[in-house]
Amino acid sequence: VPLLLTLLYALRRRVSFRPFLYAVLAFALGFAAADLRTELVFSPVLSRAIGPVPLEATVLATEDMDGGGVRLLLGEIKAERLERVGIPHTIRLTLRGKTAITPVAIGARVRVLANLMPPMEASIPGGFDFRRQAYFDQLGAMGMALTPPEVVALGVGEGEGLQAERWREGVKQRVLEHISGVEGAIAVALMTGERGAIDEKTNADMRAAGTAHLLSISGMHIGMVAGLVFVGLRMLMALW
């Protein structure tokens, strides 16, 4: 407020340092926008591990993992044990072994028993802070499923986000129908950004070769740009 009053005074008096005030105002508005964004995405986050917790939720996204596991992103959560500490906007559950046998469709309403824990902090000082990213993704807890998900209803979830995830899942299945193994997992990562199915040896080899960034979301963009350049040059060369 004092800054705005000073700016209004400067505009009325036409003082010489108005450009400096504009710069300071832009700086302050940037911090205000960042603070507003932080408040708008607020969602309860677990402060400690808890479980076993029976919960009912809608499947927002699925991701295959190396070794046959599956990772589920759950929303619209109902869990009595979490009501006292606050129910997170979303929870990410890992299913392995017998719990991953039952396939679960995006948008399905499921019941599952799980152990939950807060999102992980950075493993080393200055390292990647997953908890910070989880906060802005409104991911309030992670955990391991103790029972196979019991499907309560199919296709109950609607909305643009779920429809986009269904399309993404369709692209993944179409790719895997034609490309199997490690090559299929890499193709899926480049097409959809889903990297969970790539085995650790391949990840280590790509890190050693300095090409691991191609598997990230930015890498997907690089792949898209490279594809557009390839197609564009081929079309141009076909003109003569």
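This is a predicted model: local features need pLDDT of at least 70, side-chain atom pairs count only at pLDDT 80 or more; totals for chains, interfaces and linings use all residues.

Colleague: What makes strand β5 "mostly covered"?
Modeller: Buried means under 20% relative accessible area. In β5, residues 139-145, six of the seven residues are buried.

Colleague: How do you know that β3 and β5 pair?
Modeller: Pairing takes at least two bridges. Five bridges join β3 (residues 90-95) to β5, and the two strands run parallel. One place to look is T94, which stands opposite M144 in β5.

Colleague: And what makes β4 a partner of β5?
Modeller: The cut-off is again at least two bridges, and four join β4 (residues 109-117) to β5, this time antiparallel. M117 has M142 of β5 as its bridge partner.

Colleague: Now helix α6, residues 200-209: which residues are buried there?
Modeller: T202, N203 and M206. Seen down the axis of α6, the buried residues fall within an arc of 100 degrees, so they line one face of the helix. The face turned away from that buried side carries the exposed residues K201, R207 and A208.

Colleague: What covers the buried residues of α6?
Modeller: The cover includes α5 (181-192).

Colleague: Why is D199 called a cap of α6?
Modeller: A polar contact needs N or O atoms within 3.5 Å. A side-chain oxygen of D199 lies 3.1 Å from the backbone nitrogen of K201, at the N-terminal end of α6.

Colleague: What comes just after α6?
Modeller: G210, with a positive phi of about 75 degrees.

Technical notes. Residues are numbered from 1 along each chain as its sequence is written. Side-chain values use heavy atoms; hydrogens and water are left out. Buried means under 20% relative accessible area, exposed over 50%, partly exposed in between (1.4 Å probe, protein chains only). The arc is that of the directions from the helix axis to the C-beta atoms. Contact means heavy atoms within 4.5 Å. A polar contact is a pair of N or O atoms within 3.5 Å; within protein, one must be able to donate a hydrogen and the other to accept it, and residues adjacent in sequence count only if both atoms are side-chain atoms.
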